[in-house]
Amino acid sequence: MVVKVLIIDDDDNMVQANKAGLSFTKLNDTFETTEAYNCKDAYDIITNPANTPYFNVVFLDYSLAGTYPEKKIYNGEDLGVLIRQLMPNTKIVVFTASVDVIKLHQLAQKINPEGLIIKSDFKIKYLDEILETILKGGQYLSDTARKAIHFEKFGKGKLDSIDLTIIKLIAQGYEIKSIAPLVHLTEAGVKKRKSRIHDILGVFEKGDQKLLEKCRELLLIPPI
């Protein structure tokens, strides 16, 4: 089987590493690659009718130099949404250096990528496993991505994006009266949310120290 791969990354070293990894894969497939190094080039390739639906897999860097404001394309997330619209059967593997759980959760909700990989987790030797997983219809999450997203923490009765924003602001030193207008809640509403966060995470000590320690342990906020 010929697998057509679009690699979108502004780091040539990463592009070449992925190309080399594909050429030495132990899988029986043949991989043909196309590269894009900025948002505009990626947009032009994705929207070219000759390429729809051309690509089986897209390796997509979240943070890209060379935005394309004329088409409202500012990062890999915007490109991922476009790929989903034009190439719904394409497998998307997102690479990101960020472990910001809010950003990762939003990305997962908007794109639902078949692969989500934190760059610090990635080694070329993992390509076989990544490709085999996604081409068979599974989802591949690198270790840190899995911990950071904590899918089981979201949904009815669990943490949502407002809770996560409150946690992030507490970590930055904001007090409740300052947090309230930023999340469009009353101070009483923020206090209620904060109490709920304590309960969900199993932190029963009052104050912020233990809460923040738990949040760092779960990678809900970056470590100090």
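Biologist: Does Cys39 count as buried or exposed, given its relative accessibility?

Modeller: This is a predicted model, in which local features need pLDDT of at least 70 and side-chain atom pairs count only at pLDDT 80 or more, whereas totals for chains, interfaces and linings use all residues. Residues are numbered from 1 along each chain as its sequence is written, and side-chain values use heavy atoms, with hydrogens and water left out. Buried means under 20% relative accessible area, exposed means over 50%, and partly exposed lies in between, for a 1.4 Å probe and protein chains only. Cys39 has 0% relative accessibility, so this residue counts as buried.

Biologist: How many disulfides does the structure hold?

Modeller: Cys215 also has 0% relative accessibility and therefore counts as buried. A disulfide is a pair of cysteine sulfur atoms within 2.5 Å, and by that rule the number of disulfides in the structure is 0.

Biologist: How many helices and strands does the chain have?

Modeller: The C-alpha atoms fill a box of roughly 55 × 40 × 30 Å along the principal axes, and buried residues make up 46% of the 224 residues in the chain. Helices (H or I, at least four residues) and strands (E, at least two) are DSSP runs, numbered from the N terminus. Counted in this way, the chain has 10 helices and 6 strands.

Biologist: Which elements do the buried residues of H7 pack against?

Modeller: In helix H7 (residues 161-171), the buried residues are Asp163, Leu164, Ile166, Ile167, Leu169 and Ile170. Just after H7, Gly173 takes a positive phi of about 95°. The packing partners of the buried residues of H7 are H4, helix H8 (176-182), helix H9 (187-201) and helix H10 (209-217).

Biologist: Which side chain of opposite charge is nearest to Asp128, and how far away is it?

Modeller: Lys and Arg count as positive and Asp and Glu as negative, while His and the chain ends are not counted. A salt bridge is a side-chain nitrogen of Lys or Arg within 4 Å of a carboxyl oxygen of Asp or Glu. Asp128 is found in helix H5 (residues 127-135), and a polar atom of its side chain lies 3.1 Å from the backbone nitrogen of Lys26. Asp128 is buried yet has no salt bridge, and the nearest side chain of opposite charge is Lys26, at 5.5 Å.

Biologist: What distance separates the closest N and O atoms in the salt bridge of Asp61 with Lys119?

Modeller: The pair links distant parts of the chain, 58 residues apart, with Asp61 in strand S3 and Lys119 in the loop between S5 and H5. Asp61 is buried, with a relative accessible area of 3%, whereas Lys119 counts as partly exposed at 29% relative accessibility. The closest N and O atoms of their salt bridge are separated by 3.1 Å.

Biologist: Which helix holds both Lys40 and Asp44?

Modeller: The side chains of Lys40 and Asp44 meet in a salt bridge (2.9 Å, N to O). Lys40 is partly exposed, with a relative accessible area of 37%, and Asp44 is partly exposed as well, with 33%. They are 4 residues apart, about one turn of the helix, and both lie in helix H2.

Conventions:
Polar contact = N/O pair within 3.5 Å; in protein donor to acceptor, adjacent residues only side chain to side chain. Contact = heavy atoms within 4.5 Å.
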